[in-house]
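The following note sets out several points on the arrangement of strands and helices. Please read it with the sequence and the model at hand.

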Amino acid sequence: MATSPVKIQGRVGRHEQFINGTYEPTGSTHNGRPVWVARAVQPCYLFHTGKARWVVSKRLDDGAQCYTFIQDQGNDVLKAQGSWVCCDQDGEWRADEKVHITAATASNDKFVQLRMSLGAELEKLGLNNKETLKPLWKRLDFNGNNIVSLAEIDKLVVEMVKGGEWPDWLNNKPALMRAYKKTTLRDGNGDDWVQKGEFASLLLNIFWFNKLFQIFQSIDGGDRRLDLGEFQRGLATLGLQMSPQEAQAEFQKMDTDHGGQVLFVEFCAYVRNRVNPDHNKSFDADIYSGEHCGKVMRKSHGNRGTHAHFVSKKCFADFDALEKTIKAIIADNAQLKKLWTQIDFNGNNIVSLAEIDKLAVEQFPLLNHKPALMRAYKATIKAGDGDDWVQKHEFKMLLGNLFYFNKLFWMFETVDADADRRMTYQEFRKLLNLTGAMQKMSEAQAQSDFKRIDKNGGGIVLFDEFCQYFTSKECPECMTAFVE
């Protein structure tokens, strides 16, 4: 069974940048067989589906969506017979006789080892799982159009670092720029936006370039420029053993403009060629000069008639706008009375779950989510007199619960892997950070609030309890009775 590095070569055309390359063993198994990860800094894994295929895919899953595959039921990918099958530009899957896999030489290069450590870093922060990435993407994609800009990415990084969810060393602007450039120009389709399907690549790139920036800063003398003397003094930090003559020759490889100084972007291109020389040599020029951008830019922006069309989904912008509306209604007795009259159409000063549902559907379609509505309804009647009706004086609480339960349910419907709607303090803290609430409070305050909700001291709070806590924190005015 092959447990050493392997190399896939020969693909020309669609997905060649994801298929061709050297793959290092991760040391883990999937479906009882070894797993490899691309040495290139992109999310690409080589693994067996557990049925009848070895695949190269951007995600370690069932392999249903992949870049290439070969039929084989054995345990050794190097012994697989037949041809690798790839998807061509027309969307048809065809056998590609040129694609082949061979054993590769293991590398002791420090940068290769650094690349191999990224998976564990991402796993530690829960950024290697499709389900856990969904709420993070929702926060990043504020207006819900499935594309994000550099400014939006920068805002997310700053907030995640400030909230303590990500380490401080991830917040470096030069590294973020490199991550953005590589994601859009190399891993993406060449436009100026990071799309939803490129999010995993973006996160990997953010970690990689920040790791390189840490190394670069440790040897550059503080001016973000590296000269030959600094490079020679920093050889040990770089894990390189060279004579003065070899060091000078290596420095000249980085100093492509022969100016005697190396910038961070040139250093990144040098490292990338050490880790996994790219088939497209012009790309290294793209990331710092823009000289050959046209060579890697996508040729078309889609059909002229439909390229600007997209399905509208819930997004933070919609919730923010509705939050202002709900708070304005709660603060204005005239608006409250008008809305109550609309829902309590028979004038008996109580409303049922069905009437509340009708209000959400007709008046606030963004809040038309039955599980969230049911929880908001139950929380309201429980805090009231305990019967099955929401009374007039409980109406403000109902509106607050309807809004915040829906928003939180939308954000975190995929977070709870156990589907038990319970959370530890770390999960509680993460939810606060994703909502932006953590930016307004200290660690001590967050711990105190958690203990206050966790009445039995078991270290666990229910999701519904969190929703009630969050509603009262974000909209205390809804906790007061509606009195005309």
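1. Which residue stands opposite Y45 of strand 4? V37 stands opposite Y45 in strand 4. Strand 3 (residues 33-38) and strand 4 run antiparallel and are joined by two bridges; two strands pair if DSSP finds at least two bridges between them. A hairpin of six residues leads from strand 3 to strand 4. Helices (H or I, at least four residues) and strands (E, at least two) are DSSP runs, numbered from the N terminus.

2. On the basis of the note: this is a predicted model, in which local features need pLDDT of at least 70 and side-chain atom pairs count only at pLDDT 80 or more, while totals for chains, interfaces and linings use all residues. Residues are numbered from 1 along each chain as its sequence is written, and side-chain values use heavy atoms, with hydrogens and water left out.

3. On the sheet: nine strands form an open sheet in the order 8-7-6-5-4-3-2-1-9, with antiparallel pairing. Its edge strands are strand 8 (93-96) and strand 9 (100-103), each of which pairs on one side only. Neighbouring strands of this sheet are turned against each other by 30° on average, direction ignored. Strands of a sheet pair through backbone hydrogen bonds, either parallel or antiparallel.

4. On strand 4 (residues 45-48): Y45 and F47 point one way, L46 and H48 point the other way, and all are buried (under 20% relative accessible area, with a 1.4 Å probe and protein chains only). In a regular strand the side chains alternate between the two faces of the sheet.

5. On the neighbours of strand 5 (residues 53-57): four bridges join strand 4 to strand 5, and the two run antiparallel. The bridge partner of Y45 in strand 5 is S57. Four residues lie between strand 4 and strand 5 in their hairpin, and G50 in the turn has a positive phi of about 90°. Strand 5 is also joined by four bridges to strand 6 (residues 68-71), again antiparallel, and there V56 stands opposite T68.

6. On helix 6 (residues 173-187) and helix 11 (residues 264-275): their axes come within 11 Å and cross at roughly 55°. Helix 6 is therefore oblique to helix 11; angles under 35 degrees count as roughly parallel, over 145 as roughly antiparallel, 65 to 115 as roughly perpendicular and the rest as oblique. Axes are lines fitted to C-alpha atoms, for helices over the stretch in contact, and angles run from 0 to 180 degrees between N-to-C directions. P174, A175, R178, K182 and R186 of helix 6 meet F264, V265, C268 and R272 of helix 11, where contact means heavy atoms within 4.5 Å. By class, this contact has five nonpolar, no polar and four charged residues (Ala, Val, Leu, Ile, Met, Phe, Trp, Tyr, Cys and Pro count as nonpolar, Asp, Glu, Lys and Arg as charged, and the others, Gly among them, as polar).

7. On T183: this residue is placed in helix 6. T183 is buried, with a relative accessible area of 0%. Not counting residues up to four places away in sequence, T183 touches G188, V194, E198, S201, L202 and N205.

8. On helix 14 (residues 333-343) and helix 17 (residues 395-412): the two pack at an angle of about 85°, with their axes 11 Å apart. Helix 14 and helix 17 are therefore roughly perpendicular to each other. L336, L339, W340 and I343 of helix 14 make the contact with F395, K396 and L399 of helix 17. The residues of this contact divide into six nonpolar, no polar and one charged.

Methods:
Buried means under 20% relative accessible area, exposed over 50%, partly exposed in between (1.4 Å probe, protein chains only).
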